[in-house]
Amino acid sequence: MTTHTGLPAMRESLLDVTGKKIFVAEAGEGPPVLLLHGGGPGASGVSNYARNIAELAKGHRVIVPDLPGYGRSSKGIDPSDPFGHLADGIRGVLDRLGLDKAHFVGNSYGGACALRLALDTPDRVDRMVLMGPGGIGTTRALPTPGLNSLLGYYTGDGPSRRKLETFIREYLVFNAADVPESVIDSRYRDSVDPEVVAAPPLRRPASLRALWRMDFTRDARLSRLPVPTLVLWGAEDKVNRPSGGRMLADRLPSCDLYLVANTGHWVQFERAGLFNRLCADFLAGRR
């Protein structure tokens with residue numbers, strides 16, 4: 001058990017999922033909810049949800065994995081179907097923890113993971129909260145400048161602290177001053193792990209087939225998905241276009257959409273108080 005600054009004591013484990021290791025931190029008791037982090041360089045579960053875990057743990061068993069390819073989990077993602085690879089890994093976490101069903105909260109890459117898991121196995125998902133999820137309308141427009149910055153981190157002249165700071169301060173958040181230097185330092189340190197550099201977990205689609213598969217608006221199952229869903233999208237998101245929120249609301253049968261003013265791609269960090277209240281109420285069935 002490790003104590004993280006500003007967080008409750010977390011129970012830690014390294015789960016074996018089909019021969020790969022997935023790191024999980026837990027806090028609190030109650031209905032289980034998995035918090036799935038985004039895919040930016042150096043991302044990990046606890047660091048991405050540092051402003052949310054304590055509040056959500058007041059009424060839930062909060063489970064925070066490092067997604068496959070990130071943090072303390074095994075590296076390497078199947079480039080032919082990255083969302084499916086992530087979803088399979090997180091479904092394996094449910095199995096290893098003995099959970100038939102859980103709530104899911106997913107930001108960006110983690111939102112794409114949650115949505116793919118729900119489409120493949122809707123019986124495993126109770127309620128779902130998505131913040132600026134990946135894979136929404138990505139074949140219908142060119143990549144945003146923010147997404148190009150993200151996808152270009154490991155290419156060209158390779159990773160650097162300067163490139164990471166540019167991505168975080170110019171594209172990830174609305175207010176650059178909201179992100180402490182320590183967050184950038186920590187993420188940069190993790191982003192240059194030799195295993196990650198050798199196999200970056202977030203890359204441009206490997207083929208046209210992969211690109212098509214990674215756009216959920218091309219998946220006919222979306223309009224039949226019964227899972228109650230809350231979509232939160234920063235109105236100033238420069239990574240995934242806010243118009244994706246409307247696309248989801250138009251297709252999902254049971255979807256609430258909340259557009260968050262003066263907020264970028266990191267709603268749970270930038271507007272933590274609002275996020276925590278909306279998320280807790282939605283997961284508890286109060287809205």
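Which side chains meet in a salt bridge of 2.7 Å, N to O? In this predicted model, where residues are numbered from 1 along each chain as its sequence is written, local features need pLDDT of at least 70, side-chain atom pairs count only at pLDDT 80 or more, and totals for chains, interfaces and linings use all residues. Side-chain values use heavy atoms, with hydrogens and water left out.

**View 1. The salt bridge of Glu 26 and Arg 61**. The side chains that meet at 2.7 Å, N to O, are those of Glu 26 and Arg 61, a salt bridge being a side-chain nitrogen of Lys or Arg within 4 Å of a carboxyl oxygen of Asp or Glu. The pair links distant parts of the chain, with Glu 26 in strand 3 (residues 20-27) and Arg 61 in strand 5, 35 residues apart; strand 5 covers residues 61-65. Helices (H or I, at least four residues) and strands (E, at least two) are DSSP runs, numbered from the N terminus. Glu 26 counts as buried because its relative accessibility is 8%, where buried means under 20% relative accessible area, exposed over 50% and partly exposed in between (1.4 Å probe, protein chains only). Not counting residues up to four places away in sequence, Arg 61 touches Glu 26 and also, among others, Arg 11, Pro 31, Val 33, Leu 97 and Leu 99, a contact being heavy atoms within 4.5 Å.

**View 2. Helix 3 against helix 4**. The axes of helix 3 (residues 82-96) and helix 4 come within 8 Å and cross at roughly 75 degrees, the axes being lines fitted to C-alpha atoms, for helices over the stretch in contact, with angles that run from 0 to 180 degrees between N-to-C directions. Helix 3 is therefore roughly perpendicular to helix 4, given that angles under 35 degrees count as roughly parallel, over 145 as roughly antiparallel, 65 to 115 as roughly perpendicular and the rest as oblique. From helix 3, residues including Phe 83, Leu 86, Ile 90 and Arg 91 meet residues of helix 4 that include Tyr 109, Cys 113, Arg 116 and Asp 120. The residues of this contact divide into nine nonpolar, one polar and three charged, with Ala, Val, Leu, Ile, Met, Phe, Trp, Tyr, Cys and Pro counted as nonpolar, Asp, Glu, Lys and Arg as charged, and the others, Gly among them, as polar.

**View 3. Asp 120 and its salt bridges to Arg 91 and Arg 116**. Asp 120 in helix 4 and Arg 91 in helix 3, 29 residues apart, link distant parts of the chain through a salt bridge of 3.9 Å, N to O. Asp 120 also forms a salt bridge with Arg 116, the closest N and O atoms being 2.9 Å apart; because Asp 120 and Arg 116 are four residues apart in helix 4, about one helical turn separates them. Asp 120 is partly exposed at 31% relative accessibility, whereas Arg 91 is buried with a relative accessible area of 12%, and Arg 116 is likewise buried at 12%. A network of salt bridges links Asp 120, Arg 91 and Arg 116 with Asp 81, Asp 88, Arg 213, Asp 219 and Arg 221.

**View 4. The nonpolar core around Leu 34**. The largest nonpolar core has 60 residues, and those with the most contacts inside it are Leu 34, Ile 90, Phe 104, Leu 115, Met 128 and Leu 248; such a core is a set of buried Ala, Val, Leu, Ile, Met, Phe, Trp, Tyr and Cys residues joined through side-chain atoms within 4.5 Å. Helix 4 (residues 109-120) supplies the largest share of this core, eight residues. Leaving aside its neighbours within four places in sequence, Leu 34 is in contact with residues including Ile 63, Ile 90, Val 93, Leu 94 and Phe 104. A second, separate core of 27 residues includes Leu 7, Tyr 49, Leu 56 and Val 260.

**View 5. Positive phi at Thr 18 and Ser 108**. Most residues other than glycine have a negative phi, and most peptide bonds are trans. Thr 18, in the loop between strand 2 (9-17) and strand 3, has a positive phi near 45 degrees and counts as exposed at 79% relative accessibility. Ser 108, in the loop between strand 6 (102-107) and helix 4, has a positive phi of about 55 degrees although it is not a glycine, and counts as buried at 9% relative accessibility.
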